[in-house]
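Trainee: I would like to learn how to read a structure like this one. Could you walk me through it?

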Amino acid sequence: GDILNNYLRTDGVWLLSRNKQVYKTNNEKECAEKCEAERNLNCRAFLFTRKKLQCITLAENAKMTVMFSSTDAVLYEKKIYLVQCRRGIGKDYRGMEAKTRRGIPCQKWAEKTPHKPNYTPEKYPSAGLDENYCRNPDSDENGPWCYTTDPATRFDYCNILECEDQVTHTEEGECIRCNGEDYHGEVSRTESGLECQRWDAQEPHLHAFTPKHFPDKDLKMNYCRNPDGELRPWCFTTSPTKRWEYCNIPYCNPVTSTTPPQISDLGSQCLSGKGEDYRGRIAITESGNACQHWNMQSPHKHGWIPNRYPCKGLEENYCRNPDGEKRPWCYTINSKIRWEYCAIPHCDGTEQGTAGMSNVPVQVPLSEECYQGTGQSYRGTTSVTVSGKKCQAWNSMFPHRHEKTPDRFPNADLRDNYCRNPDGDSSPWCFTTDPNTSWEYCNLKRCDD
């Protein structure tokens, strides 16, 4: 396979490292070969700069030193040094555990006191005998071990969990409610048994769901989560051929009754915030269109099916906000108008809608509702496509997963679900909230037309 498959790639970062070697190479693969062949240090990672074609092999990775941004650099970290659990007898364990199962600090492999070692970095250069980390250079069936700093105890084994055990012992008793959007457990395998990719990693799958950009979604380690309102918790997988998959986590209280909950018992009857907890009975849009029933697919097909989202309050044809929009909305029974916002009374007594918007500042001038050239400079707030479909938010991966994210296109102003042209297309466009239509151009005219 490709030598780069052994590395975790992160774009646009730099590591502060004192122990390094600098080379001239043509590409990342050549740089990886330098790292593999490195004898001046134990190469845990390397940096490659695209403009200078500079290769820097490093003795540290992001777990061991400071990382900061650098637009031209790409960091590659050896995956073997990022795994903190052991597989099998742990011969390839390269974690940073440095004490025995009894808590005694380990002796450095290169030192000769208090114990003269048989296994040293010079004799076994490929065994990862750096610092005083637990290792298994002799394929001991009991797993990684180390020489101890206790003169009375020459060596002892280290207490390092097997990677499989880390999953199974945490899954016991864990369950989800509704769609599992508030799940904070530690299940880290998919329903087919694939190991989850870390949320702060971009290999093998590039994605936008990073802890930095979704700080309130608890995207820890590689634990299954539901940051985008999917049917249930999921994760990106470590298999290059399977981008993502749901996780097999049982429901805490399976719904056995077919009787829907009383609307008056759930949520708010007025608008507060974005109205995600609104559970009132208003079923008409702000322009007077009647709402389409959520369990109907006519005149508009959609993915917000009530039995898939039992906690979103999708009863009858009442206005709701299941996707974190600006305020409650609904699909309309007008075949020419796919969806519209609803006029919901504010909890403080004012009315939300066109009649109550006089004090709301206009975000952009009317001149912004047309675009110049190909529309790469368009910064208006139109969020409807040419066929009337609602735009999907740029930082959302539902219903369509994509790579046109705000962090990857920082100069494209990918705010909310506004029409934009981040990739130099012929005019502004957006991903749509229609599961059957990935994207469409927006309902905008050129200014010179």
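## Reading the sheet and the rings

Mentor: Gladly! Let us start with an open sheet of 5 strands, ordered β1-β5-β3-β4-β2, with antiparallel pairing. Keep in mind that this is a predicted model.

Trainee: Which are the edge strands?

Mentor: An edge strand pairs on one side only, and here that describes β1 (7–15) and β2 (20–24). From one strand to the next, the twist averages 25 degrees.

Trainee: How do strands of a sheet pair?

Mentor: In general, strands pair through backbone hydrogen bonds, either parallel or antiparallel. For a case here, follow β3 (residues 45–49) and β5 (residues 67–78), which pair in the antiparallel sense over 5 bridges. You can pick out a bridge yourself: Ala-45 has Glu-77 in β5 as its partner.

Trainee: What does helix α1 lie across?

Mentor: Helix α1 (residues 28–37) lies across β1, β2, β3, β4 (54–58) and β5, and runs at about 150 degrees to β3.

Trainee: Now the rings, please. How many aromatic pairs are there?

Mentor: The count comes to 28 aromatic pairs. Take Trp-199 and Trp-234: their ring centres are 5.4 Å apart and their planes meet at 75 degrees, over the 60 that the edge-to-face class requires, so this pair is edge-to-face. The two residues are 35 apart in the chain, with Trp-199 in the loop between α2 (163–171) and β8 (234–236), and Trp-234 in strand β8.

Trainee: Are Trp-199 and Trp-234 buried or exposed?

Mentor: Both Trp-199 and Trp-234 are buried. Another edge-to-face pair is formed by Trp-429 and Trp-439, at 5.7 Å centre to centre and 70 degrees between the planes. Trp-429 belongs to strand β13 (residues 429–431) and Trp-439 to strand β14 (residues 439–441), so the pair ties together parts 10 residues apart in sequence.

Trainee: Is Trp-429 buried or exposed, and what about Trp-439?

Mentor: Buried means under 20% relative accessible area, so Trp-429, at 3%, counts as buried. Trp-439 has a relative accessible area of 37%, and is partly exposed.

Trainee: Which residues form an aromatic cluster?

Mentor: One cluster is made up of Trp-109, Tyr-119, Tyr-124, Trp-145, Tyr-147, Phe-155 and Tyr-157.

Trainee: And where does the charged end of Arg-401 sit?

Mentor: Go back to Trp-234: the charged end of Arg-401 sits over its ring, 4.1 Å from the centre. Likewise, the charged end of Arg-44 sits over the ring of Tyr-81, 5.2 Å from its centre.

Terms used
Residues are numbered from 1 along each chain as its sequence is written. This is a predicted model: local features need pLDDT of at least 70, side-chain atom pairs count only at pLDDT 80 or more; totals for chains, interfaces and linings use all residues. Side-chain values use heavy atoms; hydrogens and water are left out. Two strands pair if DSSP finds at least two bridges between them. Helices (H or I, at least four residues) and strands (E, at least two) are DSSP runs, numbered from the N terminus. Axes are lines fitted to C-alpha atoms, for helices over the stretch in contact, and angles run from 0 to 180 degrees between N-to-C directions. Contact means heavy atoms within 4.5 Å. Rings of Phe, Tyr and Trp (its six-membered ring) pair if their centres lie within 6.5 Å; planes under 30 degrees apart count as stacked, over 60 as edge-to-face and the rest as tilted. Buried means under 20% relative accessible area, exposed over 50%, partly exposed in between (1.4 Å probe, protein chains only). A charge sits over a ring if NZ of Lys or CZ of Arg is within 6 Å of the ring centre and within 35 degrees of the ring normal.
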